[in-house]
Amino acid sequence: MLDALLGRKVGMTQVFGQNGTVIPVTVIEVGPCIVTQVKTVSRDGYEAVQIGFEETTLKHSTRPELGHLGHSLPLLKGQRKALQTHDQQAKSEENKEEEKQSKQVRKLLKIRENRQRRPGPELGPFKVLREVGLQEGVDLGSIELGHSFNASLFTDGEIVDIVGITKGKGFQGGVKRHGFRGGPRTHGQSDRLRAPGSIGSGTTPGRVLKGTRMAGRMGNARVTVKKLQIVQSDPERNLLVVKGSVPGANGGLLTIKKHVMR
């Protein structure tokens, strides 16, 4: 089985425990995730599974993505024109003698015979493609292309790690970004309330050290929250109810991983 799935943050609410305590929880829509590629040690150098999440339209997908997912692609306008020219010349009575075909025409004829880019079913297309690992002791041969995984991968009471992109705060000062105290409010300091203060000595080293905390862009970073408990798993509606908060805004993409003690 896989060790992670993709989902979307629905929002936060609260539930009541067995003894009546209020538990803040986050509702996550998990899956269904479809297996789009199986990577093996012999071919790729490592074992992993690529999964697709949230189907989209052909219009919003590129040709390389469609070919990767096993779709039969229509020829481009220039390719169709080259084949039409080749077919007309082949039918004409003037060119009865066999002529050497160009490399482009031979390639297009091969594509026309079999346009499917890889063996297997046509999948997707999907908005999101991600690689996930496998649980220990799982045989990679048991996972096939097109296999679907949903919230049933997780059980009530299980501990998980959740990865997401935090909310972006824009350019912020040192007080908000790092919790600086700011300058004194009295003794004539009228404009130093939220100033960062000194950022280094003058003579030695005579420069600002790398990593000095200053104002800058805050948020919009990849964050992992560990050891969150699953309060409820609902495979019928593909929902997970997780105790506590998770990074990101409502509707943000999340990766739910099984927690492993290291």
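Keep in mind that the model is predicted.

The largest pocket has a volume of about 380 Å³. It is lined by 14 residues, and those closest to its centre are Asp3, Lys258, His259, Val260 and Arg262. Where does the lining of the largest pocket come from? Strand 7, residues 159-165, supplies at least two residues, and so do strand 10, at 222-234, and strand 12, at 253-258. Strand 10 gives the largest share, three residues. By class, the lining of the largest pocket holds eight charged residues, three polar and three nonpolar.

Now the second largest pocket. The space in it is about 320 Å³. Its lining has 19 residues, and Leu6, Arg130, Val163, Arg222 and Thr255 lie nearest the centre. Strand 1 (4-16), strand 5 (126-132), strand 7 and strand 12 each give two or more residues to this lining. Which strand gives the most? Strand 12 does, with four residues. This lining divides into nine nonpolar, five polar and five charged residues.

You will find Val27 in strand 2, which runs over residues 22-30. Is Val27 buried or exposed? Its relative accessibility is 17%, so Val27 counts as buried; the cut-off for buried is under 20%. What does Val27 touch, beyond residues up to four places away in sequence? Its contacts are Arg8, Lys9, Val10, Gly11, Thr13, Leu239 and Leu240. Look at Val242 as well. Along the chain, Val27 and Val242 are 215 residues apart, yet their C-alpha atoms are separated by 6.5 Å.

On to the backbone, with two cis peptide bonds. One runs from Gly31 to Pro32, with omega near -5°. Pro32 sits in the loop between strand 2 and strand 3, the latter at 33-39. Another cis bond joins Thr204 to Pro205, with omega near 5°. Pro205 belongs to the loop between helix 5 (174-178) and strand 9 (216-218).

Last, two asparagines. Asn220 is not a glycine, but its phi is positive, about 55°. Asn220 lies in the loop between strand 9 and strand 10. Its relative accessible area is 47%, so Asn220 is partly exposed. Asn238 also has a positive phi, near 55°. Its place is the loop between strand 10 and strand 11, residues 239-243. At 16% relative accessibility, Asn238 counts as buried.

Methods
Residues numbered from 1 in each chain as written. Predicted model: local features only at pLDDT ≥ 70, side-chain atom pairs only at ≥ 80, totals over all residues. Heavy atoms only, no water. Buried < 20%, exposed > 50% of the residue type's maximum accessible area, 1.4 Å probe, protein only. Contact = heavy atoms within 4.5 Å. 1 Å grid on protein atoms, 1.4 Å probe; cavity = no way out; pocket = protein on both sides within 12 Å on 5 of 7 lines; lining within 4 Å. Points joined across faces, edges and corners; volume = space filled by probe spheres on them. Nonpolar A, V, L, I, M, F, W, Y, C, P; charged D, E, K, R; others polar.
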